[in-house]
Amino acid sequence: MQALNGKVAVITGGGSGLGRELALSCAARAMKLVLGDVDEKGMQETVRLVEEAHAGTESATMRLDVSKLEQMQQFADLAKSRFGAAHVIFNNAGVSVGGPAWENTPHDWEWVMGVNLYGVVWGVKVFTPMLIEQNEGHIVNTASAAGWLNGPNMAIYNVSKHAVVALSETLALDLRDINANVGVTCLCPAFFPTGIHESARNRPADKAQTITPSETALKRAELTKQAVQKGKIQATDIAEMTLKAVEEDQFYVFPHRKIKQLIGLRAQAAADEKKAFDSLNPVQ
Ligand SMILES: NC(=O)c1ccc[n+]([C@@H]2O[C@H](COP(=O)([O-])OP(=O)(O)OC[C@H]3O[C@@H](n4cnc5c(N)ncnc54)[C@H](O)[C@@H]3O)[C@@H](O)[C@H]2O)c1
């Protein structure tokens, strides 16, 4: 979509991190905003920042749990009733939990897969028909470098993000099959500073953590926290790259250039057939 001015941006996870920066980048292009998040205070802060930077931006917010299809439907209804349409859909909400796969609990799996995978699945299911019908629109799915490369201690997150890459690629092919004027972008960043390492702050009580993590899991979690906090590219820059990708109808976005090199090394490891590729320790 080349001209975003006046169009409607729908953003999940709009109350923090990348979702907030996407809202600011969209507002800078005079788009209208529909924000959804389980964190209502966070969303209000996003609206305040948007108003401060781009006074007069029209916005609507909804307390949204993306893992629930019926809530995603209400979210789409809100976009329709408030602005008459939805044009660029950012399926962005995401959470993370650590631990080796054998320690992860059913609640860990249900929570993270519910947000990271089903949140995107329901966003695609509900909004794509609207975009096809209006013959205009773009869907941005926030995957991750973890959709291509697996480091230790993040099995659930890695599985969820690989699935988001698969869903995004297939969606693009299915839209091509029907000649729809609907673009898709699959965003694949590596670590960058946001609140992702504190995802448990929004963990629902019915999916509460029920075990004490092992020492190894805690050590790895600390390394992940540091990697997030020390990320060199900022959410602001990633949001801008994403908006440019929408404007240029670009499918893959790898803000961290090194990731593409590592994907090549993973392909080489697969060709060698010997050892599992470790993205945190690629040369062994
Ligand atoms: N920060 C990184 O290092 C990094 C790297 C690659 C990909 N990502 C992805 O970027 C996206 C945005 O995350 P972030 O880094 O900005 O983290 P963040 O924690 O700052 O923001 C995530 C937002 O999602 C919201 N959220 C959580 N559960 C939700 C639910 N059930 N329904 C609706 N909203 C919910 C949170 O309240 C929060 O506002 C995620 O998909 C994440 O996996 C982040």
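A residue is called buried here when its relative accessible area is under 20%. In this model, which is predicted rather than determined by experiment, 49% of the 284 residues of the chain count as buried. The accessible surface of the chain comes to about 13,500 Å², and carbon and sulfur atoms hold 53% of that area.

The secondary structure consists of eight helices and seven strands. The radius of gyration of the chain is 18 Å, close to the 19 Å that the globule rule gives for 284 residues, and the chain is therefore as compact as a globular protein of that length. Along its principal axes, the C-alpha trace spans about 50 × 40 × 35 Å. Among the contacts in the chain with a separation of 6 or more, 74% are between residues 24 or more positions apart. As for charge, the chain carries 28 positive and 31 negative side chains, with the centres of the two sets lying 4 Å apart.

Turning to the aromatic rings, pairs are counted when the ring centres lie within 6.5 Å, and the count comes to six aromatic pairs. One of them joins Phe75 and Phe127 in an edge-to-face arrangement, with 6.2 Å from centre to centre and 85 degrees between the planes. This pair links distant parts of the chain, since Phe75 belongs to helix H3 (residues 69-83) and Phe127 to helix H4 (residues 106-134), 52 residues apart. Phe75 is buried, with a relative accessible area of 0%, and Phe127 is likewise buried, at 1%. Elsewhere, Trp148, Phe251, Tyr252 and Phe254 form one aromatic cluster.

Definitions and conventions:
Residues are numbered from 1 along each chain as its sequence is written. This is a predicted model: local features need pLDDT of at least 70, side-chain atom pairs count only at pLDDT 80 or more; totals for chains, interfaces and linings use all residues. Side-chain values use heavy atoms; hydrogens and water are left out. Helices (H or I, at least four residues) and strands (E, at least two) are DSSP runs, numbered from the N terminus. The radius of gyration is taken over C-alpha atoms; the globule rule is 2.2 Å times the number of residues to the power 0.38. Buried means under 20% relative accessible area, exposed over 50%, partly exposed in between (1.4 Å probe, protein chains only). Contact means heavy atoms within 4.5 Å. Accessible areas come from the Shrake-Rupley method with a 1.4 Å probe; for residues, only the protein chains shown count as cover. Lys and Arg count as positive and Asp and Glu as negative; His and the chain ends are not counted. The place of a charge is taken as NZ of Lys, CZ of Arg, CG of Asp or CD of Glu. Rings of Phe, Tyr and Trp (its six-membered ring) pair if their centres lie within 6.5 Å; planes under 30 degrees apart count as stacked, over 60 as edge-to-face and the rest as tilted.
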